2 protein chains.
Amino acid sequence: MPYKLSIIGSGNFGSCIARHCAANIKNVPEMDQHIKMWVLEEIVNGESLINTINTTHENVKYLPGYNLGENVEAIGDVVECCDADFFIFVVPHQFLPATLQKMKGHVKNTATGCLLTKGINFKDGKIQLLTDTVEEIIGIKCGSLMGANIANEIARGDFCESTLAFPDIPERETWKQLFDSPKFKISCTNDIVTQQLSGTMKNIVALGGGIVDGLNMGQSTKAAILREGFVEIFDFAKMMFPDRGVDILTMIESCGFGDIVASSYGGRNRKCAEYFVKFGKTFQECEAELLNGQKLQGTLAAAEVYKILVERKATEQFPLLTTIQLISERKVAPTEIINYRGHATVASSA
Amino acid sequence: MPYKLSIIGSGNFGSCIARHCAANIKNVPEMDQHIKMWVLEEIVNGESLINTINTTHENVKYLPGYNLGENVEAIGDVVECCDADFFIFVVPHQFLPATLQKMKGHVKNTATGCLLTKGINFKDGKIQLLTDTVEEIIGIKCGSLMGANIANEIARGDFCESTLAFPDIPERETWKQLFDSPKFKISCTNDIVTQQLSGTMKNIVALGGGIVDGLNMGQSTKAAILREGFVEIFDFAKMMFPDRGVDILTMIESCGFGDIVASSYGGRNRKCAEYFVKFGKTFQECEAELLNGQKLQGTLAAAEVYKILVERKATEQFPLLTTIQLISERKVAPTEIINYRGHATVASSA
């Protein structure tokens, strides 16, 4: 019996990865070629989005202009997608737990999952990896795929790479084959913690990059800020998960180095932070004026990480992350981005 | 007796570091406040450059508009600079050996040096670190300072950082104090090999970044190319100097991460490579048209590294460095930058 793949989620990134896997799965003999994709039904241009996808093979709302592949079937009921052996989770962070609750009890315990959603659950000064959320709610092993891969760039066939993090399970090789292609280079790691934290926290560093850009500072300055962010992300991973194999080598994979660089030169967090500095707007205003309904992940992550740092009296060890949050709250001026070593103390005594 | 500092070199970077040290040395009590700077005499605007510096405290040719400090004395005879305890070497790479030959026999054997010139001596498939060249010719311990620090950005007081690499010597702390300031953050390492190789080879990676820019590829692609370059630089350092303490952690200092990022987004190698792709010019033409007399370091380094890789039959382990050289020679098209894994074989069989 070939293994079945279901994709849980069908937004911009979900559709793009569906298109990618629909083509790639042809080279993975142990997989069933038919892919189910859970789609939240909505009416687009007077038509059911699900019907449109199933007749035109295009997600006209979230990835217009691209054929997803005839082997992708849009399905409105997530429970109908639960007979799979391989699950890709790519729903927005905030909808993940509710979606998993609906799936609970319908999933084979031999199935495995791979998370593509970037994000972390922050709760009461603790954090939970989203892959742990998956395991906790539906009881299957779950890894994740993160890296410098912007959805539309993958869709149009740009060369990019990504990092697949999995505990050491036999299915990892099949997972790799599902994603790996000449234009989408996959490397593997066991270090699921650093990979996921970096995937979320690079957005905070990207805010720092945008602040530097907004101030018209030079490339040396921007490189210094990115480098400090790189180091602080790793130190944060080590502090929060001291016993889970956090490894600096993970940071030099696409999920670390690649994603920090790509997001700090492109990406919406950088863009909004530049605007925040240049026009003196709040981040809420930047979001409203620039993002066309998309949300800014960096400011949320910055606030959550800062809360943890204050609780743990650790702001001095993370001066840049601290300073970016203080700048976001307009407690210190954007120009203070380069004096980050001075602000940790302000914050810890606050 | 306070220690004396001499700066050997007075070009753009030399003048900029003279200005920086002239201010910084005030905080280093064990140092004599008077600094000698060796200047190659020339006539600028009808006046002796040495006289002009000593009367106006400005290097009107190489760093116009900035006061170097009244404690900096320009000296035309390099032998007169040889009574120092601390030497900063900042002459262009190709002039270093001849300059050292003139100094030979005049330098105290208790003196130490710090090299700011980026470059490597490639010779007969071997390479020699420039710090080893200093030690070999004048017999003093020599470290180096490298990082993402563009001369004019330091001069105008932009925030940047740099990495000081020294064998473990007591003078290291004084050296650090000579450079470290709130706007110029210094970190230290013993790993002199990785630091110097990275300082030179980041120019090759920057060519890769420029090729990606010339092709209008996205941020994900550029990040992937930079990341591969980062890894290959480290692997090259390990291959060439297996017994000299090469450490991946050096790569995440300013001399590695910082310099690769800054040079691949700013910098002349990136700029010329973009032009090379967009207008189909040779690199010699790009240099002539864009650099106003400055030389391109990346193409020289790429050719030298490639020669070593071919001799060692190691092109397959360094596919990006190999591909960048093949693109520079127009043996493969610039678009092949993303297919770098395919070219190593072509090259090794060539």
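This is a predicted model: local features need pLDDT of at least 70, side-chain atom pairs count only at pLDDT 80 or more; totals for chains, interfaces and linings use all residues.
Cys142(B) is buried, with a relative accessible area of 1%. Cys142(B) is in no disulfide. The nearest cysteine sulfur is that of Cys114(B), and it is 6.6 Å away.

Now look at chain A. Cys114(A) is buried, and its relative accessible area is 0%. The closest cysteine sulfur to that of Cys114(A) belongs to Cys142(A). The gap is 6.6 Å, so it is too far for a bond. A disulfide needs two cysteine sulfur atoms within 2.5 Å. Over all chains, the count of disulfides comes to zero.

Next, find the sheet in chain A. It is open and has eight strands. Their order is E5-E2-E1-E6-E7-E10-E11-E12, and the pairing is mixed. The edge strands are E5 (72-75) and E12 (184-189) of chain A, and each pairs on one side only. From one strand to the next, the twist averages 25°.

Strand E6 (residues 86-89) of chain A pairs with strand E7 (residues 112-115) of chain A. The sense is parallel, and there are four bridges. Phe86(A) stands opposite Thr112(A) in E7(A).

Helix H4 (residues 130-138) of chain A lies across E6, E7 and E10 (141-146) of chain A. H4 runs at about 155° to E10(A). Helix H7 (residues 192-214) of chain A also packs on the sheet. H7 touches E7, E10 and E11 (160-165) of chain A, and its direction makes about 50° with that of E10(A).

Finally, turn to residues 191-338 of chain A. An unreviewed UniProt entry lists them as "domain: Glycerol-3-phosphate dehydrogenase NAD-dependent C-terminal". This stretch is 72% helix and 0% strand. Its end C-alpha atoms are 31 Å apart.

How values were computed. Residues are numbered from 1 along each chain as its sequence is written. Chains are lettered from A and ligands numbered from 1 in the order in which they are written. Side-chain values use heavy atoms; hydrogens and water are left out. UniProt positions are given in the numbering used here, feature names are shortened, and annotations may be inferred rather than shown by experiment. Helices (H or I, at least four residues) and strands (E, at least two) are DSSP runs, numbered from the N terminus. Buried means under 20% relative accessible area, exposed over 50%, partly exposed in between (1.4 Å probe, protein chains only). Two strands pair if DSSP finds at least two bridges between them. Axes are lines fitted to C-alpha atoms, for helices over the stretch in contact, and angles run from 0 to 180 degrees between N-to-C directions. Contact means heavy atoms within 4.5 Å.
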